[in-house]
Amino acid sequence: MALHMPNSYQNMLAFVFAIEEINKSPHLLPNVSLGYEIHNFLYSHWRMLENSLLLLTGQKEIPNYSCGRESKSVAVLSGTSWAMSAQTGTLMELYKFPQVTFGSFDPILRNSGQFPSLYQVAPKDTSLALAVVSLVLHFKWTWVGLVIMEGQKGLQFLSDVTGEMDRNKICAAFVKMVSTSLVSYVTLSKEHNILAKEASQVKVIITYYDTDTINDVNYNIEQYLLTGNVWVTNSQWHADMTGRTFILSSFHGTLIFSNHRGKIAGFKTFVQEASPFKYPEDFYLTMFWFENFRCSFSESDCSLKDCTPNASLAWLPVNRFDPAMTEWSHNVYNAVYAVAHAFHEMLLQQAQRPPVGNKEVMEFAPWQLHTFLKRLQFDSPAGDQVTLDDTRKLDVEYDILNFWNFPEGLRLKVKLGTFTPHGPLGQQLFLSDDMIEWVTGITQTPRSVCSESCHPGFRKSPQEGRPACCFDCTRCPENEITNDTVDMERCVKCPDDQYATVLQNHCLQKSVTFLDYGDPMGKMLAGSALSLTVLTAAVLGLFVRHRDTAIVKANNRALSYTLLISLTFCFLCSLLFIGRPNAATCILRQTTFGVVFTVAVSTVLAKTITVVLAFKVTAPGRRMRQWLVSGAPNSIIPICSLIQLILCGIWIGTNPPFIDTDAHSEHGHIIIMCNKGSLAAFYCVLGYLGSLALLSFTVAFLARNLPDTFNEAKFLTFSMLVFCSVWVTFLPVYHSTKGKVMVAVEVFSILASSAGLLGCIFAPKCYTILLRPEKNSVHSFRHKTHLKSKHTERIS
């Protein structure tokens, strides 16, 4: 067995324990006792070669010659590092000598094909990167540092872990490669003088080691007392701080991934009973006993004396000696059993063959063991399924340990949970968070992020020149959200039938709305329309009651009746614009509005022309008198209305109004409204109506200076001025509003223009009929005319 440093002494104890256990077993290698040799390999290429030659030939100068060896080894168990296994494997391969490594699994040794005589007893740990990243995700850490030991395995782990980090949006604040003594002659303490500065950037540092020569690294980190960092590392990590007296430890709270392994019965007792008196040939144990149990050496034979009575390795603090079996010690145990099982199978096969001559001693060469090692598969006493065929190995299950080292020297490793790579996605990691001891001074799960998470309603905005985990938070645009999933890179626009909340964290369904009778605005407009309708009906009733009076008869009472009736329908048609729209009301709104207003305006035009004709008649028999007597002005109403009906028919026949929705004008609401359909037809109807109004206003304006007794020319002029002002104002206001307000503006314009006609034309007449009845007679008209004639004669 090849050991490379005193810190591996526990590996030797596990080796000796397995040998003694097998020698006592009645089932494995009965009647055969296993022997062993131990060689300490130092980190020197020449020393490795020298010890390998010594192991193979018994001397270290002339290869291919075996000198002074009564027994030969059948296999060699080599140490923990890839370099050692590769260095010794090259020489062992020349002799086809079986070599079983007890270090952590190395895919390079498997895939290279250079060492077919080399076997790895450790299970595959190719899921370590996935396990580490799963732990980081569990605590929602996105900003970590990486400290990786140089070498093939370190580079492979770096590639694996950065790939997993990229897939899970975790960033590396820094990547520090640590040189080993086999790679660089630069002292490790100098190499890591800047680690304190780098570690201050993060709260969490992931470390990976594939060798146990890291005392200088640990010591240097400890010098800087980086007590605020959480360390996540693999099971090869250790902190052998012999003689350290720091009260605070940088490594307290470290999270360690260790290969899951069964418990080996009897090993603890074996360690307790191990002593230089039981194993006097163990020089290292003798020196260790001398240093720790106050012994002295006898002058006669250099044996120990005056030691602490009943001393045991189990008495020592863990910073001097840790009695718990490590992963490597466990691999050593399984490696011994693997060789023993292969040897057992080979002996059974040879025993079944007939003896050759009188030979009773079975002879064999070490290379014959390969056949049995390759197909070997068994369950060890610890419950592990052991196979040396790399293709049949399964990914190991990891135990997650928490390193407790406060106060310094406690050095407990407490199991927190497991990681099973074969488990269902999302259920591979099991962890008891409440058992975790974090670094000194931290009581809650630490946060390790470059930028704090963006709250709902904000999106990530990358910072130029920095990793993706470093970002600013930018408010989402209007009606866009980021939901409860934090750190979203893009805002999501709400559908048209939904709207964003004030916090912009989710979308709410928009409520359907329209200019309803229940709305305050709807109530006001509907009430105004009904009130004006009743008022118009009252005026009509008043005119009918006083139909034989001079003021009613003087201005063509038939046209007055027509105008009042049309105004009544104008007020009532505004009700079509209030309430939930449907296909019928959408068509009736515009056509009814266009026709009834055309009737009203054309009636005003007919009345205006009637006034002009009445005062332009100066002699009987003139053609104007004939037009007036025949009622020709009254034909204006059906002619104008027919033209408007034709326009409305074309509108309905080509592109009629239809039900539409407006999801953008009013926040949180979908407005149901009537789309005009053809805007050209709508403006043709409105333009035709405006042309009639302008013509009526012009004629009335020209007739404003005619004799004013019972003459309504001035009232018609003023009424059309109000009418035109309302609709001229309507156009810009209508186009600057949306939704319900647009409909309300149109309804208001209908009511205001209609009320203007009613008030300007009929209010003075109602005043005369109701309050000045003495002026509403022919006698009053003649008396006033007579007074005007006398006044004219006196002036003459």
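A residue is called buried here when its relative accessible area is under 20%, exposed when it is over 50%, and partly exposed in between (1.4 Å probe, protein chains only). By that scale, cysteine 454 is buried, at 1% relative accessibility. Before we go further, please note that this is a predicted model: local features need pLDDT of at least 70, side-chain atom pairs count only at pLDDT 80 or more, and totals for chains, interfaces and linings use all residues. Residues are numbered from 1 along each chain as its sequence is written, and side-chain values use heavy atoms, with hydrogens and water left out.

Let us stay with the cysteines. A disulfide is a pair of cysteine sulfur atoms within 2.5 Å, and the count by this rule is 7. Cysteine 454 pairs with cysteine 473, with 2.1 Å between the sulfur atoms. The torsion about this S-S bond is about -95°, so the disulfide is left-handed. Cysteine 454 sits in the loop between strand S17 (429-431) and S18, while cysteine 473 belongs to strand S19, so the bond ties together parts that are 19 residues apart in sequence. Helices (H or I, at least four residues) and strands (E, at least two) are DSSP runs, numbered from the N terminus.

Cysteine 476 is joined to cysteine 491, with an S to S distance of 2.0 Å. The torsion about their S-S bond is about -85°, so this disulfide is left-handed. Cysteine 476 and cysteine 491 are both buried.

Cysteine 570 is buried, at 0% relative accessibility.

Now to the aromatic rings. Rings of Phe, Tyr and Trp (its six-membered ring) pair if their centres lie within 6.5 Å; planes under 30 degrees apart count as stacked, over 60 as edge-to-face and the rest as tilted. Across the whole structure, a search finds 27 aromatic pairs. In one of them, phenylalanine 257 and tyrosine 398 have ring centres 6.2 Å apart and planes at 85°, so the pair is edge-to-face. Phenylalanine 257 lies in strand S10 (residues 254-259) and tyrosine 398 in strand S15 (residues 398-404), so the reader can trace a link between parts of the chain 141 residues apart. Phenylalanine 257 is buried, with a relative accessible area of 1%, and tyrosine 398 is buried with a value of 1%. Elsewhere, Phe17, Phe267, Phe270, Tyr279, Tyr333 and Tyr337 form one aromatic cluster.

Rings can also meet a charge, which sits over a ring if NZ of Lys or CZ of Arg is within 6 Å of the ring centre and within 35 degrees of the ring normal. Lysine 460 lies over the face of phenylalanine 471, 5.0 Å from the ring centre. Lysine 676 does likewise with phenylalanine 682, at 5.2 Å.

Helix H12 (residues 327-351) has 25 residues and reaches 36 Å from first C-alpha to last, close to the 36 Å expected; the expected span is 1.5 Å times one less than the number of residues. Of its 25 residues, 20 are buried, so H12 is largely enclosed by the rest of the structure.

Finally, look at the nonpolar cores. A nonpolar core is a set of buried Ala, Val, Leu, Ile, Met, Phe, Trp, Tyr and Cys residues joined through side-chain atoms within 4.5 Å. The largest has 64 residues, of which Phe543, Phe593, Phe597, Phe723, Trp727 and Phe762 touch the most other members. Helix H22 (residues 740-771) gives the most to this core, with 13 residues. Another core, of 56 residues, lies apart from it and includes Leu29, Leu285, Phe321 and Ala382.
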